[in-house]
Each structure stands twice: as C-alpha cells, then as structure tokens.
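Colleague: I'm new to this one. Could you walk me through it and tell me what the terms rest on?

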Amino acid sequence: MIQATFRLVSFALLTLIALPEVATAQDLYVSSVLSGTITKISPAGSQVVFASGLDHPRGIVVDASGNVYVAEQGASRIDKFTSAGAMSVFATTGASYEYGLALDKSGNLYVADNFSRVEKITPSGVASVFASGFVGPVGLTFDSVGNLYVANDSGTTISKVTPAGSVSTYASGLNQPGDLAFDAAGNLYTTNQGSLQIIKIAPNGSQTVFGSGATYPLGLAFDGSGNLFEADYGSNQILEISPSGTQTSFASVAGGPNFLAFSQPAATPEPGTRALAAGAGVSAFAVMRRRRRA
C-alpha cells in the first residue's frame with residue numbers, strides 16, 4: 001500500500017513539476033540586399049539559401065510559428081515565408097523605402113519607411129500609418145511593455161513610440177543609428193553607422209561603446225543565450241559578440257548582409273520552465289532535490 005501510494009505521488013509530481021528550461025537552438029536568418037537572398041544559418045554555422053530572387057530584401061523578422069517576414073524594398077511589399085520556404089505576398093505597402101521590421105505581441109507587423117514614417121500591418125494584411133515625423137527611420141524594436149523604438153538613421157536620435165502612437169526622443173547624440181535590439185536586462189543596442197560602433201544604452205540613458213571594428217555595421221539580433229549578432233555589410237561577415245564584449249566572426253555571408261532575425265524557441269508552459277513527462281524515469285525525490293538546488 002505504501003509503495004503504491006509513493007508511485008502515485010511520484011506520477012503526479014512528474015506531470016506537474018517544472019524545471020528550468022534548457023535553451024533551445026535557434027536558426028539565424030540573414031537578408032542580403034545585393035544578392036537578393038535570405039540565408040539560413042544553423043547554430044553550428046552551416047548555411048543554406050532559404051530564399052532567392054528577391055528585389056533588395058531588407059528588414060526581416062520571424063513569428064512564433066516560424067513564419068519569416070521580409071521587407072522586399074524593390075517591390076514595395078512584405079513577403080511571408082513558411083518555415084519550409086513557401087512564399088506568399090503578405091501585404092503591399094504605401095512605403096517609399098522599406099527598411100526594418102518588428103512584430104508586436106498581437107501579431108501586428110511594423111515597417112520602417114525610410115523617408116519619414118512607420119506603417120502598421122494587421123495579421124490580416126491591412127496597412128495603415130502608425131506614426132510619422134521620423135528622420136530616415138531604419139531599425140525597429142519593441143520593449144517588454146509594448147513601446148516601439150525607431151532608429152533615425154538620417155539624424156542622431158532614437159525615438160520611442162507608445163502603443164497609442166505618442167512619439168518622444170529616447171536617446172540623442174548618436175551618429176546614424178541603424179538597427180536596434182534589446183537585451184534581457186532592458187539595455188538597448190544600436191549600430192552607430194557613422195562611427196562604425198555598437199552603442200549600448202542603459203535604461204537610465206547612459207551610453208557606452210559595446211563593440212567596434214565593423215566596416216559597415218547594420219543588423220542586430222540577440223540569441224537565446226544573450227550573445228549579440230551583427231551584420232557587417234562592408235565585409236560580408238556576421239559577427240558574434242558575447243555578453244562580456246568578446247567579438248568573433250560567426251559566418252561569412254556574401255551579397256551585402258544587412259538585417260538579421262533569429263527563429264523563436266519552442267513555446268513552454270511558463271516562461272523559463274518546462275514540464276516533465278510522466279514516466280520519464282526520474283524519481284519524485286530527484287525532482288524535489290533539483291528544485292531545492294535551483
């Protein structure tokens with residue numbers, strides 16, 4: 001009777017208790033504007049051409065289902081690719097010069113029109129002007145509470161746009177800010193193209209140089225381990241910078257690499273956790289011991 005009860009408790013614990021999530025490998029997508037291609041790079045560095053024949057592909061973003069969205073600048077449209085590579089036209093835009101892309105938590109897609117504005121495209125493909133008055137907007141990214149950040153490449157500032165569309169200056173004194181990316185601590189990074197540097201902007205607004213040495217830095221993206229990846233358009237290199245600032249060459253991608261996007265990790269029951277399957281061969285004692293160590 002005691003053994004049967006213990007087995008029952010063990011079974012219940014194994015189905016309910018969650019352990020810290022193991023990082024999921026992510027593929028990196030690179031748009032190359034000169035060759036008209038999208039390159040897919042595995043975590044091990046192997047490359048395949050994911051899409052070709054595009055007319056000046058720029059911004060790129062991947063949704064939670066693995067669909068890849070690309071701003072095809074020469075065609076004034078947004079292309080949508082399934083994870084298997086099947087292509088369709090997601091939306092035509094009213095933009096004159098599409099650059100960066102970003103997705104909000106509701107699945108709306110935002111497009112930087114390099115002349116002066118940001119467009120919003122609903123999941124059904126309906127486009128409208130979300131905000132305007134920018135100076136050569138290029139990179140877009142969202143913070144954790146839904147504010148949109150816009151890099152004004154033709155100026156010296158980064159703008160912050162609330163979900164209601166109110167625009168303010170978040171950072172100034174930059175030199176042609178290009179793409180944007182947040183780390184897990186809320187620091188914002190931008191490629192400062194005029195000085196060939198990556199600038200780190202802390203939540204309190206202080207600015208420091210995080211990386212340098214690229215010949216024409218543009219796209220930025222973080223992987224799930226906190227490493228920052230940078231597209232160096234001038235040298236056809238993808239650079240990897242560790243959280244401590246160590247810089248190495250991750251891959252060579254021909255054709256003018258400009259924007260980057262990682263595939264998203266698989267969904268988990270709760271942020272940072274994964275559920276154990278029943279009968280996985282782990283005792284209830286071992287599970288509880290791991291939780292005490294965490």
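**Pairing, cores and totals**

Modeller: Let's start with a pair of strands: β7 (residues 77-81) and β8 (residues 87-92) run antiparallel, with five bridges between them. This is a predicted model, where local features need pLDDT of at least 70, side-chain atom pairs count only at pLDDT 80 or more, and totals for chains, interfaces and linings use all residues. Residues are numbered from 1 along each chain as its sequence is written, and side-chain values use heavy atoms, leaving out hydrogens and water.

Colleague: Why are β7 and β8 called paired?

Modeller: Pairing takes at least two bridges found by DSSP, and β7 and β8 have five, so they count as a pair. Strands here are DSSP runs of E, at least two residues, and helices are runs of H or I, at least four, numbered from the N terminus. One of the bridges joins Arg77 to Thr92 in β8. The two strands form a hairpin with five residues between them, and Gly85 in the turn has a positive phi of about 100 degrees.

Colleague: What makes a set of residues a nonpolar core?

Modeller: Its members are buried Ala, Val, Leu, Ile, Met, Phe, Trp, Tyr and Cys residues, joined through side-chain atoms within 4.5 Å. Buried means under 20% relative accessible area (1.4 Å probe, protein chains only). The largest core has 27 residues, and Ile38, Ile60, Val68, Leu140 and Leu148 touch the most other members. Strand β13 (residues 137-142) gives the most to this core, three residues. A second, separate core has eleven residues, including Leu28 and Phe262.

Colleague: How much of the chain is buried?

Modeller: Buried residues are 46% of the 294.

Notes. Buried means under 20% relative accessible area, exposed over 50%, partly exposed in between (1.4 Å probe, protein chains only).
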